[in-house]
Amino acid sequence: MSGSPVAGGRAAIVGSGPAGFYAAEFLLKAGLAVDVYERLPAPFGLVRYGVAPDHQSIKRVAAAFERTAKHPAFRFRGNVEIGRDLALEELRRAYHAVVLAYGAATDRHLGVPGEELAGSHAATAFVGWYNSHPDHEHDRYDLGHERAVVVGLGNVALDVARVLIRSPDELAPTDISDAALAALRASRVREVVLLGRRGPAEAAFDQGELADIVALAGVEVSVEGDVTFAVPEHAEAAVRKNAEYLATLPREPSGKSERRVRLRFLASPVELVGDAGRVTAIRFEDTELVENAGKVSARGTGRIHEMPAGLVIRSIGYQGLPLPGTPFDAKRAVIPHRLGRVLAADGAVMPGLYVTGWIKRGPSGLIGTNKPCAKETADEVVTDLEGLPVPPLVPDELDRLLAERGVRVVGYDDWHAIDAAEMARGTHKGKIRDKFPSVAELLAAAPD
Ligand code: NAP
């Protein structure tokens, strides 16, 4: 993917998370000029605002994005929200290709009574809170109860459980938000129960993530529910590894550890019980597994349990949102596409409009999964480019529009200033980084 046919081509990417940065890398390599639009003043999406603060090694992937950003044909257009500050149509008029890489901004709902009670939260919000995401600056969590329940058994559920249960002293030197650290220092949570509606062979987390919790000092992990650890003969290696590992863990807490994480399999929430508007307990139903056409699902047995809990966090997946001007598959919460080319409602390709990352394939996979996904999309952009109409506007005209609209565009040099200021604040506080928790403070750290 290199050479002259695409020289002079330019692409806008909407979203600066891993999906956006990998797409930028491939398009730059192919000779296009790339502008990455991001609604926040800081780049890197879930690498900055999703990956847990005690998982710094995963955050190191940002170094690869920094290398991409050094390309002379790369520009960062931070603090610009497409659909608010600029219409998608305006963007499309200034670029040959627009690649939507804006991820999955919200969370799925359980759809059970009591979900809206105080003390019931989405994991996506909790993760944003401990990571200083500006959308969650003012969020508050009541950690004044001994037991917290996390619904779901994916890697995000394990992140949430680990942050809730591990010693705050171990979190203090990370880039965790000051507000979260203070709340965790005062926390009375000593037990986190994770509810999984299916069994060990269907758990969505990775074994290594659970092993990280098992390894925490003063924390005991048990596996509960009427489960077996058998896996189908042709099960994937990761499934087998999970089940074998789970089988080695105690089947109930010994009571000897100060803090506990209990994995309760075959349990599906049916109601959040409250008092005076606050959650006080979760009611869940034992399930049994049924197999249909190779798919294993959970069916209620009618046996209901009630478990007191002062905090319930649902961690049942992220959810993508539509963007005005794009088609949307509401059932799967993704933008319909063929190999990354966006498809209109009638199935026709929308010329010059592409998609990559979670808004293309749904909210699953690790950071690296975005690389082949972005490559597929970038290849289609390059294939199409010669046949795409010449855009009637140039990007500078969008900058003029943004200035007229009072939008302060954050460039990559501005981001470097923010980055340096955060690192300096971190050094001062004994943290590896101290993130600015609001858009106003992020902007104030960038020179005018
Ligand atoms: P996920 O892996 O899809 O897990 C969602 C969990 O919620 C599953 O256990 C699922 O159970 C459960 N669930 C869904 N609907 C439910 C319902 N109505 N009632 C009860 N349980 C329900 O999603 P995620 O944890 O949000 O993670 C998103 C992606 O990011 C994943 O690919 C994950 O691996 C990745 N990630 C990776 C890391 C890491 O590597 N450290 C960290 C965080 C996230 P069923 O299986 O029964 O549907």
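Residue numbers start from 1 along each chain as its sequence is written. In this predicted model, local features need pLDDT of at least 70 and side-chain atom pairs count only at pLDDT 80 or more, while totals for chains, interfaces and linings use all residues; side-chain values use heavy atoms, with hydrogens and water left out.

Now show polar contacts (N or O pairs within 3.5 Å). A ligand oxygen sits 2.7 Å from a side-chain N or O atom of Arg-197, and an oxygen of the ligand is 3.0 Å from a polar backbone atom of Leu-153. Over at Glu-209, a polar side-chain atom is 3.4 Å from a ligand nitrogen. How much of the ligand's 920 Å² of accessible area does the protein cover? It covers 80% (Shrake-Rupley, 1.4 Å probe).

**Stop two: the second largest pocket.** Its volume is about 300 Å³. Select Phe-44, Gln-56, Lys-59, Ala-62 and Arg-433, the closest to its centre of the 16 lining residues. A pocket is an open set of points on a 1 Å grid where a 1.4 Å probe fits, with protein on both sides within 12 Å along at least five of seven lines; lining residues have an atom within 4 Å of a point. The lining has 7 nonpolar, 1 polar and 8 charged residues.

**Stop three: a salt bridge.** Pick Asp-107 and Arg-314, whose closest N and O atoms are 2.6 Å apart in a salt bridge (Lys or Arg side-chain nitrogen within 4 Å of an Asp or Glu carboxyl oxygen). Asp-107 is in strand 5 and Arg-314 in strand 14, so the pair ties together parts 207 residues apart in sequence.

Conventions:
A polar contact is a pair of N or O atoms within 3.5 Å; within protein, one must be able to donate a hydrogen and the other to accept it, and residues adjacent in sequence count only if both atoms are side-chain atoms. Grid points are joined across faces, edges and corners, and a volume is the space filled by probe spheres set on the points. Ala, Val, Leu, Ile, Met, Phe, Trp, Tyr, Cys and Pro count as nonpolar, Asp, Glu, Lys and Arg as charged, and the others, Gly among them, as polar. Helices (H or I, at least four residues) and strands (E, at least two) are DSSP runs, numbered from the N terminus.
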